[in-house]
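Here is a short report on one chain. It starts with the aromatic rings and then moves on to fold, core and strands.

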Amino acid sequence: MIEVRLHSSLYGSSAVEEAVRSLASHAQIELVREDEYWVVRVSSEGADERSLGRELANFALGLTAEQRGAA
């Protein structure tokens, strides 16, 4: 299992939630809010957890940019 911490000032809540939903078929993903961070715990037996965590973070950041009109 790996843990990815996404600061809420950079990552929008709906973007993080959508990214989690989009990768849920590839791994077990738990999403919790801790202070100013979204904490995403990724575990998988068949996939590279680090790669999935990075992909989730990149996807959520891109979605946040789109939603904020920066893309």
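How many aromatic pairs does the count come to by the ring rule? The rule takes rings of Phe, Tyr and Trp (its six-membered ring) and pairs them if their centres lie within 6.5 Å; planes under 30 degrees apart count as stacked, over 60 as edge-to-face and the rest as tilted. The count comes to 0 aromatic pairs.

This is a predicted model, in which local features need pLDDT of at least 70 and side-chain atom pairs count only at pLDDT 80 or more, while totals for chains, interfaces and linings use all residues. Residues are numbered from 1 along each chain as its sequence is written, and side-chain values use heavy atoms, with hydrogens and water left out.

**Charges over rings**

The criterion is NZ of Lys or CZ of Arg within 6 Å of the ring centre and within 35 degrees of the ring normal.

| Charged residue | Ring | Distance to ring centre |
|---|---|---|
| Arg-5 | Tyr-37 | 4.8 Å |
| Arg-33 | Trp-38 | 4.8 Å |

**Fold**

The chain has 2 helices and 3 strands. Both are DSSP runs numbered from the N terminus: helices are H or I with at least four residues, strands are E with at least two. From the N terminus on, the order is β-α-β-β-α. The radius of gyration is 11 Å, close to the 11 Å of the globule rule for 71 residues, so the chain is as compact as a globular protein of that length. That radius is taken over C-alpha atoms, and the rule is 2.2 Å times the number of residues to the power 0.38. Along the principal axes, the C-alpha atoms fill a box of roughly 35 × 25 × 15 Å.

Of the 71 residues, 35% count as buried. Buried means under 20% relative accessible area, exposed over 50%, partly exposed in between (1.4 Å probe, protein chains only). Contact means heavy atoms within 4.5 Å. Among contacts with a separation of 6 or more, 65% come from residues 24 or more positions apart.

**Core**

The largest nonpolar core has 16 residues. Such a core is a set of buried Ala, Val, Leu, Ile, Met, Phe, Trp, Tyr and Cys residues joined through side-chain atoms within 4.5 Å. Those with the most contacts inside it are Val-4, Leu-6, Tyr-11, Val-16, Val-40, Val-42 and Leu-56. Strand E1 (2–7), helix H1 (13–23), strand E3 (37–43) and helix H2 (49–67) each supply at least two of its residues.

Take Val-16. Beyond four places in sequence, Val-16 touches Leu-6, Tyr-11, Leu-31, Trp-38 and Ala-60.

Thr-64 belongs to helix H2. Is Thr-64 buried or exposed? Thr-64 is buried, at a relative accessible area of 2%. With neighbours within four places left aside, the contacts of Thr-64 are Leu-10, Tyr-11, Gly-12 and Ala-15.

**Strands**

Two strands pair if DSSP finds at least two bridges between them. E1 and E3 run antiparallel, joined by 6 bridges. Here Ile-2 stands opposite Val-42. Strand E2 (residues 28–34) also runs antiparallel to E3, with 7 bridges. In this pairing, Glu-34 stands opposite Tyr-37.

In a regular strand the side chains alternate between the two faces of the sheet. E1 has a covered face of Ile-2, Val-4 and Leu-6, and an uncovered one of Glu-3, Arg-5 and His-7. E3 is mostly covered, with 5 of its 7 residues buried.

Glu-30 lies in E2. Glu-30 is partly exposed, at 41% relative accessibility. Val-39, Val-40 and Arg-41 touch Glu-30, residues up to four places away not being counted. Glu-30 and Val-42 are 12 residues apart in sequence and 6.7 Å apart C-alpha to C-alpha.

**The hairpin**

The hairpin of E2 and E3 has 2 residues between the strands. Asp-35 sits in that loop. Its phi is near 50°, a positive value in a residue other than glycine. Most residues other than glycine have a negative phi. Asp-35 is exposed, at 75% relative accessibility.
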